[in-house]
Amino acid sequence: MSNDTPEGIRPYHHPAGGWDALRAVAQTIRTQMTVVSGPRILLRNNQPDGFDCPGCAWPDPKHTSTFEFCENGAKAVTWEATKKRASPEVFARHTVTELLGWNDHALEDLGRLTHPMAYDAASDRYLPIEWDEAFARAAAALNALPDPNMAEFYTSGRASNEAAFLYQLFVRAYGTNNFPDCSNMCHEATSVGLPQAIGIGKGTVSLEDFDHTDLIISMGHNPGTNHPRMMATLREAARRGVPIVVFNPLKERALERFASPQSPVEMATMGATPIATTYLQVNVGGDAAALKGVMKAVLALDEADRAAGGAGTLDHDFLATHTEGLDALIEDLRGTSWDTIEAISGLARADLEHVATLYCRAPSALVCYGMGVTQHARGTENVQQIANLLLLRGNFGRPGAGICPLRGHSNVQGDRTVGIDEKAPAALRAGIERVFGFVPPAEKGHDAVESIEAMYEGRSRVLVALGGNLAVAMPDTQRTHAAVRKLDCAVHIATKLNRSHLLLARENLLLPCLGRTELDMQATGPQSVTVEDSMSMVHASRGALPPPSPHVRSEPAIVAGLARAVLGERHGIAWEDMVADYDRIRDAIEGVLPAFARYNERVREPGGFRLPLGPTERVWHTPSGKAQFRVFRGVREDAPRAPDVLTLTTLRSHDQYNTTLYGFDDRYRGVFGRRDVVFMNADDLAERGLAEGDLITLEAADGSMHGEPARLTHYTAVTYDIPRGCVAAYYPEANVLVGLGNRDPQSGTPAYKSAPVRVLRAT
């Protein structure tokens, strides 16, 4: 290691997982919980009679082991179940102005909120209030609006099905479909793109499909950090010889090699399992070009095989029976040159042809993808190209085949299923009218970006946030923060303090809620909630820890309290009755959404039940009843860039979950104790007369942003194995460089993974 190596930057040579993962779990237990309660609560994590981990949406195996948690899941659980308390006494010691100067880790590390709070401008502090007063203040702000569409109702994916259903019912009874939610920022491209292609906006694979697949293609995700329990599944596939092809701009350690903490042999020998058999470092924004290259090569293999007297490599019977639009796709692929594909993807033709050969040899194949695919200006079309590739060989509706979008929050998919949707689907509205007797609004509401724009322009005056850290998660930080500060009232339902709570509206309420790990006691006894994982399995979750204080309420109870205060007796909805017994909420969900037939009965079965997925039966809920090939015109996912402009992709560190920072290490990438770094290709640094360790400024080159170019200043350049023309920095700090206008026009998803920037020497 050179003497010029920046502080906190050092090589990390170990595999993902292994002893370092166990040490990290022990450390997080030691700092957040007691040595007795920590292990005990983790043993209930992802168990049939326990609680669903808030850390990711990876499904639970049918036959669970004693340890069904990972390092980052343990961090999520202990971060929520911490012994630390952000009590009124803590708030009395710190003004909001002081707290705004703290980093995001320190804010959440204050611990669990214990009492309803309201901001007092005279003292610049949050002060305790009673629940009835909090509900009355929120109701006064909402009922003072001349138009319900002047309120925004944000939802975090951590909300249960029961809380989310009551929330959307309350908001639609109030009179709006303004449902900005975390889906808008991550997998909205999936929710929009897949229905057009295969008739449903969800993945089609089950966990068992990984046991039967002959090829796994992994695109734009880092499972070792963002959904680590997936690593056990990938490891099993790798050990039985399944080729695993990775498309990702950075070499992520978990996709290279992984040591399972549950493997005595690997732990005893310091061994590891290689994961990727082919690792292709695609350019940031080059996924569509790469996919088109693979498909172009697949077509060539089909033509060659048929010319030699074979049946071809495409599934021609499937294509004729189940699809439309193939001719247009073929014409587009033939008209796309290999030179263009190579230039935009950054990959060699031979490498893409190798992937095509592997794909055509595999009887069944599945594709997993994350936000490296969706968070682009053409993210919806990216997703559809994955569907195109799978359709070419009939990789739907058979074991080991299908499409697998990797969700983050453990119920972000379920929230959408039960109604958190600004588009207000007709079937959902009809179900609400049938069960509750009122006609919900039909007009499309605001998504996340539209809600910020409406706040900034004064068209929205009140925000209610069911969890999350909206103002920090959104792009264009300066404009987003200014928008929130223009509000008349902000109501935050939360477990912990975060920066969004400190960006003050004229009136501010902080309402503490239970977490997944805690006992939810209502009038009829302890309650379970339900969640839906990435693979459409719905199962129960029941916490056991005592609540952090007697003043903390469950999310369903808080939503019902707000609804009663705002709506009174309007529509005759029995809010209190449903909260008294969550079975009654599930009965209502079943009545509104027939896919939840026998909800209470089936969710009590070990492992729960799977919601219907048409493509698994080769049923396509498209207008024509057939799957649709969707053509991606050209090869660029993002607008062309000037020669001096680089493409920034934002990343999560290994000590992070969305906007929550557990610490300041990113050990797999060799970063320790800091986050103020920019990962760059050595040649890009040299071209600008820079070297590793230099202080640099990233300047936004996005014409959609307003005013002076946004900057990320005095960051340290770190040389990294990343394609030329691409740079990477940590989310959410780098959000300041992502314009609100730089988003996918179809899904509205911000292009967090492809922001144009210039790199300057810091002054």
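Biologist: Which residues is Glu-518 in contact with, leaving aside its neighbours within four places in sequence?

Modeller: This is a predicted model, in which local features need pLDDT of at least 70, side-chain atom pairs count only at pLDDT 80 or more, and totals for chains, interfaces and linings use all residues. Residues are numbered from 1 along each chain as its sequence is written, and side-chain values use heavy atoms, with hydrogens and water left out. Contact means heavy atoms within 4.5 Å. With sequence neighbours within four places set aside, the partners of Glu-518 are Glu-80, Arg-112, Gly-543, Ala-544, Leu-545, Pro-546, Pro-547 and Pro-548.

Biologist: Does Glu-518 count as buried or exposed?

Modeller: Glu-518 is found in the loop between strand E17 (507–512) and strand E18 (521–522); helices (H or I, at least four residues) and strands (E, at least two) are DSSP runs, numbered from the N terminus. Buried means under 20% relative accessible area, exposed over 50% and partly exposed in between, with a 1.4 Å probe and protein chains only. Because its relative accessibility is 5%, Glu-518 counts as buried.

Biologist: How far apart in space are Met-295 and Arg-112, C-alpha to C-alpha?

Modeller: Met-295 has its place in helix H15 (residues 287–307). In sequence, Met-295 and Arg-112 are 183 residues apart. Their C-alpha to C-alpha distance in space is 51 Å.

Biologist: Which residues does Met-295 touch, not counting those up to four places away in sequence?

Modeller: Met-295 counts as buried, at 0% relative accessibility. Not counting residues up to four places away in sequence, Met-295 touches Leu-329, Leu-333, Gln-385, Asn-388, Leu-389 and Leu-392.

Biologist: Why is strand E15 largely enclosed by the rest of the structure, and how many of its residues are buried?

Modeller: Val-462, Val-464 and Leu-466 point one way from E15, Leu-463 and Ala-465 point the other way, and all are buried. Strand E15 covers residues 462–466, and it is largely enclosed because the buried count is 5 of the 5 residues.

Biologist: Which residue of E16 is the bridge partner of Val-464?

Modeller: Two strands pair if DSSP finds at least two bridges between them. E15 is joined in parallel to strand E6 (residues 151–155) by 5 bridges, where Glu-152 has Leu-463 as its partner. Another 5 bridges join E15 to strand E16 (residues 489–494), also in parallel. There, the partner of Val-464 is Val-491.

Biologist: How many disulfides does the structure hold?

Modeller: A disulfide is a pair of cysteine sulfur atoms within 2.5 Å. The sulfur of Cys-404 has its closest cysteine sulfur in Cys-368, at 4.2 Å, which is too far for a bond. The number of disulfides in the structure is 0.

Biologist: How many of the residues of helix H9 are buried?

Modeller: Cover for the buried residues of H9 includes strand E13 (365–369), helix H21 (379–392) and helix H22 (412–417). After H9 comes Gly-199, with a positive phi near 90 degrees. Helix H9 spans residues 188–198 and is mostly covered, with a buried count of 9 of its 11 residues.

Biologist: What area is buried between domain 3 and domain 4?

Modeller: Domain bounds come from an automatic or database domain assignment, which gives domain 3 as 196–405 and domain 4 as 646–761. Their C-alpha centres lie 27 Å apart, and the contact takes 24 residues from domain 3 and 26 residues from domain 4. Buried area is the accessible area (1.4 Å probe) that two parts lose on being put together, summed over both. Carbon and sulfur atoms give 52% of the total, which is about 2000 Å².
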